[in-house]
Amino acid sequence: MTSSGPKAAVFDSQHRPITAGGFVKTGPVVFTDATEPAGLSKWRNQTGSPEKRVIIEAKGSGACLLDYDSDGWLDIYLVNGSTPDALAGKAPSPHAALFHNNHDGTFTDVTAKAGVANDRWGTGCVVGDYDNDGWPDLYVTNVGASRLYHNNHDGTFTDSAVQAGVALDNGSANAVADHTGATFGDYDGDGRLDLFVAGYIDLDPKATSPSGSSTSYSYCQYRSVKVMCGPRGLKGGRDHLFHNNGDGTFTDVSKKLGVDGPNGYYGLDALFADVNNDGKPDLLVANDSTPNYLYINQGNGTFKDESYENGFALTGDGREAANMGLAVGDYENNGHLSVVSTTFSDDYPILFRNDGKGVFTDVSYQAGIAESSIPYVKFGDGFLDYDNDGWKDLFIVNGHVYPQVDEHPEWGQSYAQRALLYRNLGNGKFELVPAVEGTGLAVVTVGRGAAFGDLFNDGKIDVVINSMDSAPILLRNVNPDHHHWVEMKLIGGPKSPRDAVGATVYLTANGVRQRGDVLSGGSYLSSNDMRVHFGLGNLDKADQVEIHWPSGNVEKLKLPFVDRIYTITESKGITSAMCNGKPCDLSH
């Protein structure tokens, strides 16, 4: 967790740190805090001690959106941490939560029935149908053994991690491995989802106890104040790539393919995404305080590390950054997937602009997202078209890692922080949307993982935030625009993954060509709505949709109406649609 050095403190008119202030009285109301009315406020994240004595207590946990019961509505999974007392059997284990969507704006906690409590020290989660049975499965990363929750099609899950060979409870000698971001993707084109898991550190078990004697975890300093150490000075974890064998098991091929994190970097997040437009998923890994990895898929079942030559390893001025979250999207509507990597305070989120061939340039300052974000500690992030104008905007979730900052108001920082929403101006630049008092953008929380999706099936993208030691935050999109939109749930054919992870969709409307990708993972330790969403502005029709399926099949079709959620099956076209949250006739 490094930065480029202390910057001048920024305060608002009431002399509050800008990270917890700077609100305006009036302005556009984009999000409302729907946590309590949705029924999410009783569950709480619990991670370590309030003082955050060791680094695993400060990283937080992720959030996943998945339609686990295939009713057409997104449900919410929230990962939880743990405590030293729980690990020692002296206190109940904090549990994760699966909230079922009731289709009326409320959610019901079904964790116990579903069997997904994960009573371990959880970190991240990712969604993918690894056995191609048409039902989303869930992989949960932990400190120690991780879990692979197989969907039983009846509202329950079975942990199959050990049988599948992906439990990953191995660390180095006398250490426990801390696993973080994960991503599913079909890297070798065999129609089955493979699994990549980033490793953060190998943890001395004594360090989870306040009385731990490990010198590696003695106190360090931040601005001359004692704080927990890390990750520098700690042993970096190993990354793992598991090849799907097609029989419910996986084989670890990470070392063989050179993607096991051989440099001992601190992996926090990872994402399979096709950044050079060759139809093969490449692999991005966000590393904390160390250079990022960019593994380019060679199309023959192997990867080439092009982190440095393609400009993804370091910032534009050649620095290592505290990379945490990954947002991937075509914000310029030019068909290229660019990347935003979130970072620590006193640094800016890095917007890596893609030239279309997978070569990146840091354009953070030119794009207008750097200066205003520097005081924040930035975690979950996502590209989303919040106002459905046809241009992808950027949302960043924030929260400090050192509670001690609240004891030093002169620093201009706060432990709990507000989120940042940047509106895409359509010219390569963004502008910060003001946070109106009493609205969702003014919610101050210690944010970590964030997941983005249309939770209410109304065509507007909402945000779920997993916050440290508190209830989650559900920000419902209530932007007053009346713009049109379409969404697509893709179902792959026999030679593609069933959930179409890796598919790319191009939508052309009034001369503008947008791109959307079906991705598994991203943000920070989280997984978003896999349905592809496009805003259309005032247009009431889309000219053409072109789908590039993972199998290599390219399909062109027309959408008969807007403001619909279409299900499109490979080689069969549109097979169903939802209007106003209910199934509707395709003829009108």
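**A histidine in a loop**

Histidine 103 has a relative accessible area of 38% and is therefore partly exposed. The structure is a predicted model, and the values below are computed from it. The loop that holds histidine 103 runs between strand 4 (97–101) and strand 5 (107–109).

**Overall form of the chain**

- The protein chain contains 6 helices and 41 strands.
- Its radius of gyration is 22 Å, close to the 25 Å that the globule rule gives for 588 residues, so the chain is as compact as a globular protein of that length.
- Along the principal axes, the C-alpha trace spans about 70 × 55 × 50 Å.
- Of the 588 residues, 64% count as buried.
- Among contacts with a separation of 6 or more, 61% are made by residues 24 or more positions apart.

**Surface and charge**

- The protein chain exposes about 20,100 Å², and carbon and sulfur atoms supply 49% of this area.
- There are 46 positive and 74 negative side chains in the protein chain.
- The centres of the positive set and the negative set lie 2 Å apart.

**An enclosed strand and its partner**

- Strand 16 pairs with strand 17 (residues 282–288) in the antiparallel sense, over 7 bridges.
- Within this pairing, alanine 273 stands opposite aspartate 282 of strand 17.
- In a regular strand the side chains alternate between the two faces of the sheet.

**Backbone exceptions**

- Most residues other than glycine have a negative phi, and most peptide bonds are trans.
- Histidine 103 has a phi near 70°, a positive value in a residue other than glycine.
- Serine 523 also has a positive phi, near 55°, and is likewise not a glycine.
- Serine 523 sits in the loop between strand 35 (512–517) and strand 36 (532–537).
- The relative accessible area of serine 523 is 1%, which is under the 20% limit, so serine 523 is buried.
- The peptide bond that leads from glycine 230 to proline 231 is cis, with omega near 0°.
- Proline 231 belongs to the loop between strand 13 (225–227) and strand 14 (240–244).

**A buried aspartate**

- Aspartate 129 is found in the loop that lies between strand 6 (122–128) and strand 7 (137–142).
- With a relative accessible area of 2%, aspartate 129 is buried.
- Leaving aside neighbours within four places in sequence, aspartate 129 is in contact with Gly134, Trp135, Asp137, Leu193, Arg498 and Asp499.
- The C-alpha atoms of aspartate 129 and phenylalanine 184 are separated by 8.8 Å, and these two residues are 55 residues apart along the chain.

- Threonine 35 is part of helix 1, which covers residues 35–38.
- The relative accessibility of threonine 35 is 6%, so this residue counts as buried.
- Not counting residues up to four places away in sequence, threonine 35 touches Leu40, Ser41, Pro472, Ile473 and Leu474.

How values were computed. Residues are numbered from 1 along each chain as its sequence is written. This is a predicted model: local features need pLDDT of at least 70, side-chain atom pairs count only at pLDDT 80 or more; totals for chains, interfaces and linings use all residues. Side-chain values use heavy atoms; hydrogens and water are left out. Helices (H or I, at least four residues) and strands (E, at least two) are DSSP runs, numbered from the N terminus. The radius of gyration is taken over C-alpha atoms; the globule rule is 2.2 Å times the number of residues to the power 0.38. Buried means under 20% relative accessible area, exposed over 50%, partly exposed in between (1.4 Å probe, protein chains only). Contact means heavy atoms within 4.5 Å. Accessible areas come from the Shrake-Rupley method with a 1.4 Å probe; for residues, only the protein chains shown count as cover. Lys and Arg count as positive and Asp and Glu as negative; His and the chain ends are not counted. The place of a charge is taken as NZ of Lys, CZ of Arg, CG of Asp or CD of Glu. Two strands pair if DSSP finds at least two bridges between them.
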